[in-house]
Amino acid sequence: MKNKVVLIGCGNVGMSYVYALLNQRTNVNELVLIDLNKEKIEGEVMDLNHCLAFAPSKIDIKAGDYADCNDATLVVIAAGANQAPGETRMDLINKNSKIFKSIVTSVVENGFKGIFLVATNPLDVMTYLTWKYSGFDSSRVMGTGTSLDTARLRYLVGDKLGVSPKDIHAYVMGEHGDSEFVPWSNANIGLQNIDSFIEKSKLNDIELDVKNAAYEIINRKGATYYGIGMCLVMITNAILSDENRVITVSNYDKENDIYIGTPAIVNKTGIKQRIYIELTEEETRKLQNSVDVIKDAINKIQ
């Protein structure tokens, strides 16, 4: 099977994704890079191909255009304006909605029939717009959602307790943004609830650190990209390897007509199934707040 991935947008996020992909075992056979700066991506392709002698997987890497989407399995969109210091993810909405209309229309017009994976902020809104502009079934459109926030959460909890982050069973849910939250009632280490290990006030501190992580990184180095690059690889492999993996991707909420980060089963069909988690009253209010924030943002698009 030809597992062809087309990446649109080769800035820091896009190239972190590609470099992470190149350093892991993957079922990606062909990788095509598309960017407005064609000379830059020609240089990127040359540089990346020089890594292949030492890479764990053989990948055919080349620069391309929208015609390459015709037989692609997955189109990853990392194009758009970046979040500047002092900006929220939602501040980017009108800039990136215009960019996305052009991109998604071009991809579909070239016969793409695969799965869209979105990494551009404001993430949930851009994923929703990708679904709208494409006309695809919602199962074939997803965003990175709160997968990066979940990785940050597991790192912070694991670091505090001296436990591998791979064994922290907890998620961040809701908007990939300021209204995201941690449903601590469902957070476990092994089979034991996390409140047996960390007091509530400390859990609140960790949740705040997760929310503010992007701002802290942007203030120090101007942008975040390594973490989201790894998340994109994880989701790519879940799709191409048909892993049926549970990931907090941004997926379609039919009841509210939005995309939002909740656990879902991801495989070669895209979103196989949403997973519904029993929440406390307080957590339900937080989820509804996230829903309202995303809805309001969609309604404000010019």
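**Local contacts, cores and backbone features of the predicted model**

D35 touches G9, C10, G11 and I41, leaving aside residues up to four places away in sequence; contact means heavy atoms within 4.5 Å. The model is predicted: local features need pLDDT of at least 70, side-chain atom pairs count only at pLDDT 80 or more, and totals for chains, interfaces and linings use all residues. Residues are numbered from 1 along each chain as its sequence is written, and side-chain values use heavy atoms, with hydrogens and water left out.

D35 is found in the loop between β2 and α2. Helices (H or I, at least four residues) and strands (E, at least two) are DSSP runs, numbered from the N terminus. A polar atom of the D35 side chain lies 2.8 Å from the backbone nitrogen of C10. The side chain of D35 also reaches the backbone nitrogen of N37, at 2.9 Å. Such polar contacts are pairs of N or O atoms within 3.5 Å; within protein, one must be able to donate a hydrogen and the other to accept it, and residues adjacent in sequence count only if both atoms are side-chain atoms. From C-alpha to C-alpha, D35 and L7 are 8.5 Å apart in space, and they are 28 residues apart in sequence.

S57 sits in another loop, between α2 (38–49) and β3 (60–63). Its relative accessibility is 11%, so S57 counts as buried. Buried means under 20% relative accessible area, exposed over 50%, and partly exposed in between (1.4 Å probe, protein chains only). The S57 side chain reaches the backbone nitrogen of T26 at 3.0 Å. Not counting residues up to four places away in sequence, S57 touches Q24, R25, T26 and L52.

Helix α3 spans residues 93–109. Its 17 residues reach 24 Å from first C-alpha to last, close to the 24 Å expected at 1.5 Å a residue. The expected span is 1.5 Å times one less than the number of residues. Buried residues of α3 are I93, N94, N96, S97, F100, I103, V104, S106 and V107. Their cover includes β1 (4–8), β4 (74–77), β5 (115–118), α4 (123–134) and α8 (281–299). Just after α3, G111 takes a positive phi of about 85 degrees.

The largest nonpolar core has 42 residues, of which Y17, L31, L33 and M142 touch the most other members. Two or more residues of this core come from each of β1, α1 (12–22), β2 (30–34), α2, β4, β5, α7 (226–240) and β13 (264–267). The largest share, eight residues, comes from α7. A second, separate core of 33 residues includes F112, V118, V125 and A297. A nonpolar core is a set of buried Ala, Val, Leu, Ile, Met, Phe, Trp, Tyr and Cys residues joined through side-chain atoms within 4.5 Å.

The structure holds eight aromatic pairs. The rings of F112 and F116 have centres 5.1 Å apart and planes at 75 degrees, so this pair is edge-to-face. Both F112 and F116 are buried. Y128, W131, Y252 and Y259 form one aromatic cluster. Rings of Phe, Tyr and Trp (its six-membered ring) pair if their centres lie within 6.5 Å; planes under 30 degrees apart count as stacked, over 60 as edge-to-face and the rest as tilted.

Three strands form an open sheet in the order β7-β8-β9, with antiparallel pairing. β7 (168–169) and β9 (192–193) stand at the edges, each with a single partner strand, so one side of each is left without a neighbour in the sheet. Two bridges join β7 to the antiparallel strand β8 (residues 188–189). Two strands pair if DSSP finds at least two bridges between them. I168 stands opposite I189 in β8.

Most residues other than glycine have a negative phi, and most peptide bonds are trans. D242 has a positive phi, near 55 degrees. N244 likewise has a positive phi near 55 degrees. D242 lies in the loop between α7 and β10 (245–247), and N244 is also placed between α7 and β10. D242 counts as partly exposed, at 31% relative accessibility. N244 is partly exposed too, with a relative accessible area of 35%. A cis peptide bond joins N121 and P122, with omega about -5 degrees. P122 is placed in the loop between β5 and α4.
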